[in-house]
Amino acid sequence: RNQKQKKHFFPLNYTFSKMMETKISPKKITRIVIVGGGVSARLLVKNLRSLSKKKKDNSIEITLIQSNRFSEIPFYLTEVLTDKDTFHGNSTNTPIADIDRTVFGVAESCRDGILSVRPLDEDEEQHNASIISIPFDVIVCATGSNISTIQATPGQSSKERQAEIDTLSKLLTSPNSHVVIGGGGAIGIELAGDAAEAKKKYSGTGKVTLVCSADRLISDATLDASQKAKQYLESLGCQIYLNERVVSHDQTTTTATELVLKSGETISCDAYITAYSRGANTSWINSSEENGEQENDDGTSSNPLPPGILSKQGGSIMVDDYLCSKAYPKLYALASTNDKPTPSIIPHMEEEAHTITINVLAGTNIKPHKPPPINAPIIYLAGRDYGIIVPEHAPKPMGVVCFKWCGFPCNMLLCPCFACGVCCGPCDAFFCGWCCGDPSGAGVPKTFAAAKKKGYVRDKIGYEDIGGKGMKAPKSIEIDRTSAATLS
């Protein structure tokens, strides 16, 4: 009987094991390439890893393309330009966590399923590096806006960036230099205020001139906020041109020059600094539309991207309700790289990253994007000593009650949460100004400075190690240059 049972069970077990071998196979790996290493890229990585762990889905492989071997936290860039010693404290070159492969390099072009990247050498220089091909199933553009000088140039080394900052900082803070700043948006007024405040500390002949192409500063803000910014900058001695544009120069120059304005007026200055966006950082997509079919390094061929991916104005990626390219379904776009009109603030970036994560992991577009409402006041800095609160975006009547009526000392007595924020957190007691007074003033930048020391914002967006490790060598997966040029 035992022999019969053994004979009976052996083919049953064998048949079951064969069924398992033939019918259960590993899930196909989805190769996700993220181009960019800033805030939106970090938020996307967090979302992808969090949701994939929650779903116990190990079928994604993330490759990150970072154009510099260091990252600057974007909220303190004007401070770095006017204080050269803060660059290291606002930078890190520790790679983003939870990445399967980090490639330090500049995206050159893109074809269907293949991204061409020029890698950076170990000494951070870009010269003489051969282009490599990186295959993908899904590619996400998270390269942000093109704001040269204010942020590092793709491929720039930390030494080159520090040298650039040293030059700009000397010109911006020198008591006898005349600096012209192009751009009257949030970045332009903050940089102008930082420079004018620094110059005002010393007696000299230097000044700051701000050239704005719109009819008022920070034109996307309320009229009241625009007027406050203009009044404060003029109180520091800034000369402001509205409805004007520099037509003779479109790049920053750190040598004495003569600028020509749209009206024909000329301005002699020691430096001209551009502080405005030139559109999305999508040139690597634009350059690929001109080429035909091409043979790859592994012998296969790839087709060019279809035309019509980028908008004609600003170069942003035209996306559908799912944040997926209308012309190329393998491409998603985050934050300022897509053509959605929503501002690139952290709550919106988080929601966009969440939307893309759900659609990528699902393998199809199932979740349309719904931008969250702005339920908090918008804040603009016009230097390190003055900030402007726009309470109109806060839920009514909270915006009026909390930010216009209930200032110091009432907010300390009637609002326990605010009092706790002053005693234990970063809030300045005069964050909302005096009771029934103007909420704008010195309390706003003081609160920002305290929040920076506490690290609230940087930890939330994945810059936990900013400045903590200095500029040590990154622990990343480097490219094996002895292998084939194609990454597989």
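Modeller: Among contacts in the protein chain between residues at least 6 apart in sequence, 65% join residues at least 24 apart. The model is a predicted one. Its protein chain has 13 helices and 19 strands, and of its 488 residues, 47% count as buried.

Is Asp339 buried, partly exposed or exposed? Asp339 counts as partly exposed, because its relative accessibility is 33%, and this value falls between the limits of 20% and 50%.

Which residues does Asp339 touch, once its neighbours within four places in sequence are left aside? Asp339 is in contact with Ser316, Ile317, Met318 and Val319. One of these, Met318, lies 21 residues away from Asp339 along the chain, yet the C-alpha atoms of the two are separated by 5.4 Å. Another, Val319, is reached through its backbone nitrogen: the side chain of Asp339 comes to 3.2 Å from that atom.

Rolling a probe the size of a water molecule over the atoms shows where empty space is left. The count comes to two cavities of 30 Å³ or more. The second largest cavity holds about 40 Å³ of space. Its lining consists of Ala335, Asn338, Lys340, Thr342, Pro343, Ser344, His348, Met349 and Glu352.

H8 gives the largest share of the lining of the second largest pocket, namely four residues. This pocket holds about 250 Å³ of space. It is lined by 18 residues, and Val138, Asn359, Val360, Gly363 and Thr364 are the ones nearest its centre. The lining of the pocket divides into seven nonpolar, six polar and five charged residues.

Lastly, a word on cysteines elsewhere in the chain. Cys212 counts as buried because its relative accessibility is 3%. Cys238 is also buried, with a relative accessible area of 7%. A search of the whole structure finds zero disulfides.

Terms used: Residues are numbered from 1 along each chain as its sequence is written. This is a predicted model: local features need pLDDT of at least 70, side-chain atom pairs count only at pLDDT 80 or more; totals for chains, interfaces and linings use all residues. Side-chain values use heavy atoms; hydrogens and water are left out. On a 1 Å grid over the protein atoms alone, a cavity is a set of points where a 1.4 Å probe fits but cannot get out, and a pocket is an open set with protein on both sides within 12 Å along at least five of seven lines; lining residues have an atom within 4 Å of a point. Grid points are joined across faces, edges and corners, and a volume is the space filled by probe spheres set on the points. Buried means under 20% relative accessible area, exposed over 50%, partly exposed in between (1.4 Å probe, protein chains only). Contact means heavy atoms within 4.5 Å. A polar contact is a pair of N or O atoms within 3.5 Å; within protein, one must be able to donate a hydrogen and the other to accept it, and residues adjacent in sequence count only if both atoms are side-chain atoms. A disulfide is a pair of cysteine sulfur atoms within 2.5 Å. Helices (H or I, at least four residues) and strands (E, at least two) are DSSP runs, numbered from the N terminus. Ala, Val, Leu, Ile, Met, Phe, Trp, Tyr, Cys and Pro count as nonpolar, Asp, Glu, Lys and Arg as charged, and the others, Gly among them, as polar.
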